[in-house]
Structure formats: structure tokens, C-alpha cells
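Here's a quick tour of a protein model for anyone just starting out. Have a look at the sequence and the 3D view, then follow the notes below.

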Amino acid sequence: MASSISSLFLCPTTNAAAIPLRRVSFSTKCTPPQHQSVDPSPPPPPPPRLKGSLSPWPPGSSSSGSPRGVEDVEAERRRKAVSSPGFSFSAAGLLFPYHLGVAQFLIEKGYIKDALKATKILAEDCRLRGTAFRLGAVLRDVLNEFLPDDVHIRSNGRVRVAVTEILWRPRGLLVDQFDSKEDLINAVFTSSFIPGYLAPRPATMFRNRLCIDGGLTLFMPPTSAAQTVRVCAFPVGRLGWQGIGISPDCNPENRASTRELFNWALEPAADATLDELFALGYLDAAVWAAENPVETIVQDDSPRLEILQTE
């Protein structure tokens, strides 16, 4: 599933309080990974997105064929400034308690300005009644119950959801403007749509496009921040991936095997394992933070702020 599921439970806004979760003691003595943890080069600027629109990635590829007009430019100017770095959470399936643990640490320590309970409800339902062909319906119910009615307003311009359009060839699309709570939930559902698994059909319709899981083309969606920290719930060293900031490689000893993680990504683990995934995500984020103090990397990318500072 795409990474966006876990981030949405945070309801990102400066006025929102995160769901209280238990504190986890941690140590930062483990050796952090040697690869680059923060992408120093800014990503290509995303094309303007109007409310209800989809944008292709990478920039420059065709979307609907409609030209960009004055309204597009004005919409881009009205977009909220975001702080840097941005955090990109990988596709993780039912491993997203790991992402929640990472996010909890980032919120507590100030990397994110701004639930594990929702995850356990979803997992318990799937353990009792099955996962394949019905996970999508359970996901919709949980999102409807736990997300606030104004989640789309809080998320606009701050949360990106990746989906894959499959006609006529697969291509990744980014969504960061939502018309309503239902529209946002539809985006998350589509972003998580593993063909023949989330529901008994090969694809789903989203905004008049035939789409599937965003992880197929955008395993770690780019953020709109100047710098992006990539978070992955899988051991990237064993898989040969590079450029990941936070992953199980931060604390590589006594971790689950790759096979176990992939199994838990598709079938819910026991609650005790979900708690452990959350704690490990928290610990791994702490190791990364020891090498990247908040006061040295968090910055406001607002052009308006830069103008005030130079005057």
C-alpha cells in the first residue's frame, strides 16, 4: 500500500493535537546507516494543482492535456508554504504502525509541526473476517470513523497521495488538493489499491481515471519541500535501496526478517507485534535524529519569509 495511509492519521496542521500515544524510551548508540539520509538537491517543482485535479510525475509529462491558465498560476500562489524537510513514507501495507512510530517521534521532537488505535481496529477486523477482497471496505470504515470532517482542509497542500493511472500505460500521479473528506478517503483508497487484493476487482475509478496502488510507480512519493527525508518500513540494505533516511537499518540487530515483514504487510500481525513495530519506528527515527538535529535541518521554505529576512 502507498505511504499516505499512515500520514493521514496525523491530520497535519499546526492547530491539531496528535492522538496521544505511549512514550517509548530509546537509545541512539546504534550506528546509523552510512548512506545519505537527506536528499540535498531540491526536487523538480511540481506543476500547479487546482482543486480536484491530478498532476503527473515527473513534471513535464502529460496529464489531461488541458493548458495551464491564469487560474493555475493563482492556485499555485495561494498554496500554503511548507517547512523543510518533507517526509516521504514508503508503501508499507499493514506495516504502517512502523510509520506511525516514526511520525510520533518526529512530531514530539519538532520535525513535524503539527494512531495506533485505528490500526489495531483495522487489524482485528481483518484477523476475524479475513483480509483479501475486503480490506478496502474496512479501510474506508476506519478512515471515516477516525478522520475529522475537516481533514481535507488540514491536508490540502500538506499531504501528497500517490496513485497509479493504468490507461494507457502506468504512470504515477500526485494528489494534494481535496474537495471533501470523502474525496480524500477515495484518494487513500485508490493509493492502496493492490489489484485483486483490496477488493475483488483489478482496478478502481478515481476522478474518472482507472487507477491502482500508487506504490507501483511512486513507492516513496516526492514532497513539495526543498529537502525530503525518505522513510521505509523495510530493511533497505538487504533490498539494495539507497538514499533512505529512516528504516530498520538504523537499528539492524534483532529485527524481523524481510520475509516476515512482507507477510505482515499483507496480513495483520498480532497486536503485540503492532506495538513492537510502532516502538521500532520510534527508535529508528531517534537514531536518524541524532545525526540530523532539528535546529540544523528544519526550515521554513516560504518565499515571503525570505523577503522579510533580507529587508
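How many residues lie between S5 and S6 in the hairpin they form? There are 5 residues between these two strands. Keep in mind that this is a predicted model.

- S5 pairs with strand S6 (residues 171–175) in the antiparallel sense, over 5 bridges.
- To spot this pairing in the view, find Ala 162, which stands opposite Leu 174 in S6.
- S5 also pairs with strand S8 (residues 209–213), again antiparallel, and here there are 3 bridges.
- For this pairing, look for Thr 164, which stands opposite Ile 212 in S8.

**Strands S4 and S9**

- Strand S4 (residues 86–89) points Gly 86 and Ser 88 one way and Phe 87 and Phe 89 the other way, and all four are buried.
- S4 and strand S9 (residues 228–231) run parallel, joined by 4 bridges.
- Phe 89 has Val 231 in S9 as its bridge partner.

**Two helices that pack together**

- Two packed helices are described by the angle between their axes and the distance between the axes.
- For helix H5 (residues 135–146) and helix H7 (residues 181–191), that angle is about 145 degrees, and the axes are 10 Å apart.
- The crossing of H5 and H7 is right-handed.
- On the H5 side, the contact involves Gly 136, Leu 139, Arg 140, Leu 143 and Asn 144, while H7 brings Lys 181, Ile 185, Asn 186, Val 188 and Phe 189.
- Sorted by class, this contact has 5 nonpolar, 3 polar and 2 charged residues.
- H7 is largely enclosed by the rest of the structure, because 9 of its 11 residues are buried.
- Among the buried residues of H7 are Asp 183, Leu 184 and Ala 187.

- Most residues other than glycine have a negative phi, and most peptide bonds are trans.
- Leu 167 and Trp 168 are joined by a cis peptide bond, with omega about 0 degrees, and Trp 168 is in the loop between S5 and S6.
- Asn 208 isn't a glycine, yet its phi is positive, near 65 degrees.
- You'll find Asn 208 in the loop between strand S7 (204–206) and S8, and it counts as exposed because its relative accessible area is 77%, over the 50% cut-off.
- Asn 254 also has a positive phi, about 55 degrees, and lies in the loop between helix H8 (236–239) and helix H9 (258–266).
- Is Asn 254 buried or exposed? At 76% relative accessibility, Asn 254 is exposed.

**Cysteines and one more residue**

- How many disulfides does the structure hold? The count is 0.
- Cys 211 is buried, at a relative accessible area of 0%, and Cys 250 is buried too, at 0% relative accessibility.
- Val 287 belongs to helix H10 (residues 271–291) and is buried, because its relative accessibility of 1% is under the 20% cut-off.
- Val 287 and Ser 247 are 40 residues apart in sequence, and their C-alpha atoms are 9.9 Å apart in space.

Terms used: Residues are numbered from 1 along each chain as its sequence is written. This is a predicted model: local features need pLDDT of at least 70, side-chain atom pairs count only at pLDDT 80 or more; totals for chains, interfaces and linings use all residues. Side-chain values use heavy atoms; hydrogens and water are left out. A disulfide is a pair of cysteine sulfur atoms within 2.5 Å. Buried means under 20% relative accessible area, exposed over 50%, partly exposed in between (1.4 Å probe, protein chains only). Axes are lines fitted to C-alpha atoms, for helices over the stretch in contact, and angles run from 0 to 180 degrees between N-to-C directions. A crossing is left-handed if the near helix is turned anticlockwise from the far one by less than a right angle, and right-handed if clockwise. Contact means heavy atoms within 4.5 Å. Ala, Val, Leu, Ile, Met, Phe, Trp, Tyr, Cys and Pro count as nonpolar, Asp, Glu, Lys and Arg as charged, and the others, Gly among them, as polar. Two strands pair if DSSP finds at least two bridges between them.
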